[in-house]
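Welcome, and thanks for taking a look at this structure with us. Please open the view and keep it beside you as you read.

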Amino acid sequence: MGSSAFVLRGFALPYADALLSAITGIEASSPFRHMVTPGGFTMSVALTNCGKWGWIADRRGYRYSGLDPHHGQPWPAMPKIFEKLAHEAAIAAGFNDFVPDACLVNRYLPGSRLSLHQDKNERDFEAPIISVSLGMMATFLFGGNERTDKTIKITLYHGDVVAWGGKDRLRYHGVMPLKDQPHPVLGSQRINFTFRKAG
Ligand code: SIN
Ligand code: FE2
């Protein structure tokens, strides 16, 4: 993938139950919703956040906000076990001292996709991105530093973690439209947690 980009197969499996039960609490106060991009498109992926900073999109742009625009209150706190998973996965990928302050939770249904983009709304690019997949499999696209660079396809399964940082921190990435291949626990959905240091 790149010298600072890794797929950690099954790394999150021991955490899957804790992640899934925490979602119930998170969505009770900050529900999943389909945000509208600055270009006026409604995202096919539904999202929510936990932690100090939450990633949002609206007609004004993409950014992090300390408040959930749904109700103007802070996002739910990031459960300690989330922080631990992100920290341990970062170490396994060679990034020490990673402490996330943002966890974006994306929910994909059959047909949901995420077009190629760079993660660049964070204040600095020193910290890695740690991305955890649960539920249905997805085809992850990992490209280069330019949108037009060739991409490789990586099939991500329940429990896989992708970590990228360092010189690979700004690589374009995305997710192909999901096929309906129901997962034994999650059924026809995929949940992705993206841990970042945003602030
Ligand atoms: C993201 O790039 O924010 C999410 C990637 C994924 O769902 O695997
Ligand atoms: Fe991303």
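This report walks through a helix, its packing partner and a loop residue in a predicted model.

## Helix 1 on its own

Let's begin with helix 1, which has 14 residues. From first C-alpha to last, helix 1 reaches 21 Å, close to the 20 Å expected at 1.5 Å a residue.

Its buried residues are Ala16, Leu19, Ala22, Ile23 and Ile26.

## How helix 1 meets helix 2

Two packed helices are described by the angle between their axes and the distance between the axes. Here, helix 1 (residues 16–29) packs with helix 2 (residues 80–92) at about 135 degrees, and their axes are 10 Å apart. The two helices are therefore oblique to each other, and their crossing is left-handed.

On the helix 1 side, the contact is made by Ala18, Leu19, Ala22 and Ile26; helix 2 contributes Ile81, Phe82 and Leu85. By class, this contact has seven nonpolar residues, with no polar and no charged ones. Leu19, Ala22 and Ile26 of helix 1 take part in the contact and are also listed as buried.

## A loop residue to look at

Finally, follow the chain to the loop between helix 2 and strand 7, where you will find Asp97. Asp97 has a positive phi of about 65 degrees, although it is not a glycine. With a relative accessible area of 67%, Asp97 is exposed.

Technical notes:
Residues are numbered from 1 along each chain as its sequence is written. Chains are lettered from A and ligands numbered from 1 in the order in which they are written. This is a predicted model: local features need pLDDT of at least 70, side-chain atom pairs count only at pLDDT 80 or more; totals for chains, interfaces and linings use all residues. Side-chain values use heavy atoms; hydrogens and water are left out. Axes are lines fitted to C-alpha atoms, for helices over the stretch in contact, and angles run from 0 to 180 degrees between N-to-C directions. Helices (H or I, at least four residues) and strands (E, at least two) are DSSP runs, numbered from the N terminus. Angles under 35 degrees count as roughly parallel, over 145 as roughly antiparallel, 65 to 115 as roughly perpendicular and the rest as oblique. A crossing is left-handed if the near helix is turned anticlockwise from the far one by less than a right angle, and right-handed if clockwise. Contact means heavy atoms within 4.5 Å. Ala, Val, Leu, Ile, Met, Phe, Trp, Tyr, Cys and Pro count as nonpolar, Asp, Glu, Lys and Arg as charged, and the others, Gly among them, as polar. The expected span of a helix is 1.5 Å times one less than its number of residues. Buried means under 20% relative accessible area, exposed over 50%, partly exposed in between (1.4 Å probe, protein chains only).
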